[in-house]
Amino acid sequence: MRRRRLADPLLWAALLLAFLVLAMPALGPLFARAFPAVDPPIWSRESFLMLFLSHAGLVAASSLASTVTAIVLGMFVTRPSGRDFRPLVDAVAAVGQAFPPAAVLAIAVPAVGFGPLPTLIALALYGLLPIVENAIAGLDGVPGAVREAAAGMGLSPLQMLRDVDLPLAAPVILAGIRTSVIINIGTATIGSTVGAVTLGTPIIDGLVASKPAYVLQGAVVVGLFAIVADMGFARLDRHLRRSAAGR
């Protein structure tokens, strides 16, 4: 068991991410040798821990908003009372995905000001479509025979939704959440253009000041963050599918 844990790629990826976030200054000599024209060789205006926590907080908050909204909409349009609204929900979600986040930021900044809020709005809208689509597909994909058996046992519509539909649809819904979160981890970097503190801050500064070391540092941490998140979702997906198969 211990040997299996030591061979876990998720563990090693998470440890590498933690090292870069907590100990990036220790790599100063390496970056100084690779980029001698960059002074200082490591981004130092904010710590990478602060950048990571702020970035992760924006992604978590926007993903939570997208997930709750999408699941509520998915439940609504897959019930008999809400089926007529399904084309409208599909259209709104598609517009949110098609509208570039940079355009959302440009519209949101005059209304709510600079800082994390316009970034939060842009990410929540941009991450809505994958979850809505998968929530609808997952709830629609629950076998009719299972629903009939649940109704025969005397379950109310609310109990059926809670105890049958949502648990069986969970793996499909999770796949949409996984896609949305991974997209938003990368997209959140543009929030630094409107005053949000994210891992995109050293990237944007490096591009403006022609300091590729800063771009590389921010990009590596963002990429590794996305990899760790994707691995974590993959593990949770396997657990949910085993649970659904056991029902």
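Predicted model: local features only at pLDDT ≥ 70, side-chain atom pairs only at ≥ 80, totals over all residues.
1. Ground rules. Residues are numbered from 1 along each chain as its sequence is written. Local features need pLDDT of at least 70, side-chain atom pairs count only at pLDDT 80 or more, and totals for chains, interfaces and linings use all residues, while side-chain values use heavy atoms, without hydrogens and water.

2. Two helices. H4 spans residues 48-77 and H8 spans residues 128-140. (Helices are DSSP runs, H or I, of at least four residues, numbered from the N terminus.) They pack at about 35°, with axes 8 Å apart. (Axes are lines fitted to C-alpha atoms over the stretch in contact; angles run from 0 to 180 degrees between N-to-C directions.)

3. Their contact (heavy atoms within 4.5 Å). On the H4 side, the residues include Ser66, Ala70 and Met75. Those of H8 include Leu128, Ile131 and Leu139. The contact residues of H4 with H8 comprise 10 nonpolar, four polar and no charged. (Ala, Val, Leu, Ile, Met, Phe, Trp, Tyr, Cys and Pro count as nonpolar; Asp, Glu, Lys and Arg as charged; the others, Gly among them, as polar.)

4. Aromatic pairs. The structure has four (ring centres within 6.5 Å; planes under 30 degrees apart are stacked, over 60 edge-to-face, the rest tilted). Tryptophan 43 and tyrosine 214 are edge-to-face, at 5.7 Å centre to centre and 85° between the planes. Tryptophan 43 lies in the loop between H3 and H4 and tyrosine 214 in H12, so the pair ties together parts 171 residues apart in sequence.

5. A tilted pair. The ring centres of phenylalanine 76 and phenylalanine 85 are 5.5 Å apart and the planes are at 40°, so this pair is tilted.

6. Exposure (buried is under 20% relative accessible area, exposed over 50%, partly exposed in between; 1.4 Å probe, protein chains only). Tryptophan 43 is buried at 4%. Tyrosine 214 is buried at 4%. Phenylalanine 76 is partly exposed at 35%, and phenylalanine 85 is partly exposed at 43%.

Technical notes: Phe/Tyr/Trp six-rings, centres within 6.5 Å; stacked < 30°, edge-to-face > 60°.
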